[in-house]
Amino acid sequence: MAIRLVILLTINAVALWVANAIFDSVRIHGFWAYFIGALVLGIANAVLKPVLAILTLPLIILTLGFFYLLINIAMVALAEWIAPNFSIDGFWTYAGVVVIIWAVNWIAHAMIDKLEGGRRPQLA
């Protein structure tokens, strides 16, 4: 279980690194900025995002999912606010960072599933 958490944290940190490399208006400097940013993203996505998605479900349906993008942007904004030496400028940059984080997580989880032989760990 602890190894999986470290892997998930590393995937989020790599996603932030990729976003930092692609966008000029994303500035993340130092190990602690990546570590804390990835940690906040992981906790926010596991705890806050599901609660916000349920509370705003009618709005998500009414906007055909656009409001869900805004929830994801809020999770990235929370990570930026908490982590040191981490800044993002502009709405479209936030949207791009969300897409990059999604893509890196999707690719990494597909690779992990392939390495595990397509089986998911069973929760007892």
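The largest pocket in this structure, which is a predicted model, has a volume of about 650 Å³. Two or more lining residues come from each of α1 (2-22), α2 (31-55), α4 (66-82) and α5 (91-115). The biggest contributor is α2, with 7 residues. Sorted by class, the lining has 14 nonpolar, 6 polar and 3 charged residues.

Next, follow α5. This helix has 25 residues and spans 36 Å from its first C-alpha to its last, close to the 36 Å expected at 1.5 Å a residue. Its buried residues include Tyr94, Val98, Ile101, Asn105 and Ile112. Among the elements covering the buried residues of α5 are α1, β1 (26-28), α2, α4 and β2 (86-88). After the helix comes Gly117, with a positive phi near 80°.

The structure also holds 2 salt bridges, shown here.

| Salt bridge | Closest N and O atoms |
|---|---|
| Glu116 with Arg4 | 3.6 Å |
| Arg27 with Asp89 | 2.4 Å |

Glu116 sits in the segment after α5 and Arg4 in helix α1, so this pair links distant parts of the chain, 112 residues apart. Glu116 is partly exposed, at 24% relative accessible area, and Arg4 is partly exposed too, at 26%.

What does the other bridge tie together? Arg27 lies in strand β1 and Asp89 in the loop between β2 and α5, so the pair joins parts 62 residues apart in sequence. Arg27 is partly exposed at 33% relative accessibility, and Asp89 is partly exposed with a relative accessible area of 39%.

Key
Residues are numbered from 1 along each chain as its sequence is written. This is a predicted model: local features need pLDDT of at least 70, side-chain atom pairs count only at pLDDT 80 or more; totals for chains, interfaces and linings use all residues. Side-chain values use heavy atoms; hydrogens and water are left out. On a 1 Å grid over the protein atoms alone, a cavity is a set of points where a 1.4 Å probe fits but cannot get out, and a pocket is an open set with protein on both sides within 12 Å along at least five of seven lines; lining residues have an atom within 4 Å of a point. Grid points are joined across faces, edges and corners, and a volume is the space filled by probe spheres set on the points. Helices (H or I, at least four residues) and strands (E, at least two) are DSSP runs, numbered from the N terminus. Ala, Val, Leu, Ile, Met, Phe, Trp, Tyr, Cys and Pro count as nonpolar, Asp, Glu, Lys and Arg as charged, and the others, Gly among them, as polar. The expected span of a helix is 1.5 Å times one less than its number of residues. Buried means under 20% relative accessible area, exposed over 50%, partly exposed in between (1.4 Å probe, protein chains only). Contact means heavy atoms within 4.5 Å. A salt bridge is a side-chain nitrogen of Lys or Arg within 4 Å of a carboxyl oxygen of Asp or Glu.
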